Amino acid sequence: MSESLLLIEQSGAVRRIWLNRPAARNAQSQQLLDDLDAAFEDAKADTDTRVVVLAAKGQHFSAGHDLKQAQAERAEFTVEERWAYEEKRYFGYCMRIWDFPKPTIVQVQGACVAAGFMLANMCDLMVAAEDAFFSDPVTHTMGAAATEVLIHPWVMGLRNAKELLFTGGRLGAVEAKAMGMVNRVVPTDRLDEETMTLAQQVAKAPPFAMQILKKSLNRSVDVQGMRQALSAHFDLHQLSHLSEEYRQTKEAGLANALIKGTKA
Ligand code: ZN
């Protein structure tokens, strides 16, 4: 087995799970996603853990899916293969975090882009460093209809989501807080500590009451159709993977991304 791409830190009733591929800006490879899903399952089973914090080592939370690996291993995927891969690892793993029966808090610094944006927004609360920025540019860069889980309008409002996605632009931490997507903005060098303080506060509540409170809060958007909307978007997102636009822009976009990667 290869070495885990995560670090796990236990602090009383709080378990902090760190993405640990800083040299790759925490790009989400297949192994990282599988490790992360397993780590959440462990945290779910551990009765001493009441709150999970999702964090990332290095300057950036996550630059998105690992496009180098995607190009090398999955460029020739059939419709069936891509569907199975993305339904399990992109849509399925994300929704398991959304449905995780304990409160989750994400701490974000630097880039929180594309699949990084999607992953971070599966958590219940978000603490952002002052240097954090958010973006989902894949419609512009790859011709894909956003990322697999269209969580955007549910966490930032429809009009803000449209602007972010239509422009492919960046959103700063303070702007994201004003939109209601971020709970707290903290100095970058205090991100770890401030997030842990918040997590310890949440962890004081009796865990069963907290579990059913979270379930009820999530149901308040389920009754508005969130789950059905996300599921329907996943289907259409798959269609966008098959378009001529996707083929052309993916080739241009991936090449650009690789050039940028060598300059960084
Ligand atoms: Zn996709």
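Author: In helix α10, Met 210, Lys 214, Asn 218 and Val 221 are buried (under 20% relative accessible area; exposed is over 50%, partly exposed in between; 1.4 Å probe, protein chains only). Seen down the axis of α10, these buried residues fall within an arc of 65°, so they line one face of the helix. The arc is taken from the directions from the helix axis to the C-beta atoms. This is a predicted model: local features need pLDDT of at least 70, side-chain atom pairs count only at pLDDT 80 or more, and totals for chains, interfaces and linings use all residues. Residues are numbered from 1 along each chain as its sequence is written, and side-chain values use heavy atoms, without hydrogens and water.

Reader: What do the buried residues of α10 pack against?

Author: Contact means heavy atoms within 4.5 Å. The buried residues of α10 pack against α3 (79-98), β4, α6 (152-156), α9 and α11 (226-240). Helices (H or I, at least four residues) and strands (E, at least two) are DSSP runs, numbered from the N terminus.

Reader: How do I read a sheet, and what is the order of the 6 strands?

Author: Strands of a sheet pair through backbone hydrogen bonds, either parallel or antiparallel. Two strands count as paired if DSSP finds at least two bridges between them. Here the order is β1-β2-β3-β4-β6-β9, in an open sheet with mixed pairing. At the edges stand β1 (6-11) and β9 (184-186), each pairing on one side only. β1 and β2 (residues 14-19) run antiparallel, joined by 6 bridges. Leu 7 has Trp 18 in β2 as its bridge partner.

Reader: Which helix packs on the sheet and touches β1, β2, β3 and β4?

Author: Helix α1 (residues 30-45) does, and its direction makes about 175° with that of β2. Axes are lines fitted to C-alpha atoms, for helices over the stretch in contact, and angles run from 0 to 180 degrees between N-to-C directions. Helix α9 (residues 191-203) lies across β1, β2, β3, β4, β6 (125-129) and β9, at about 170° to β4.

Reader: Are His 237 and His 241 buried or exposed?

Author: Both His 237 and His 241 are buried.
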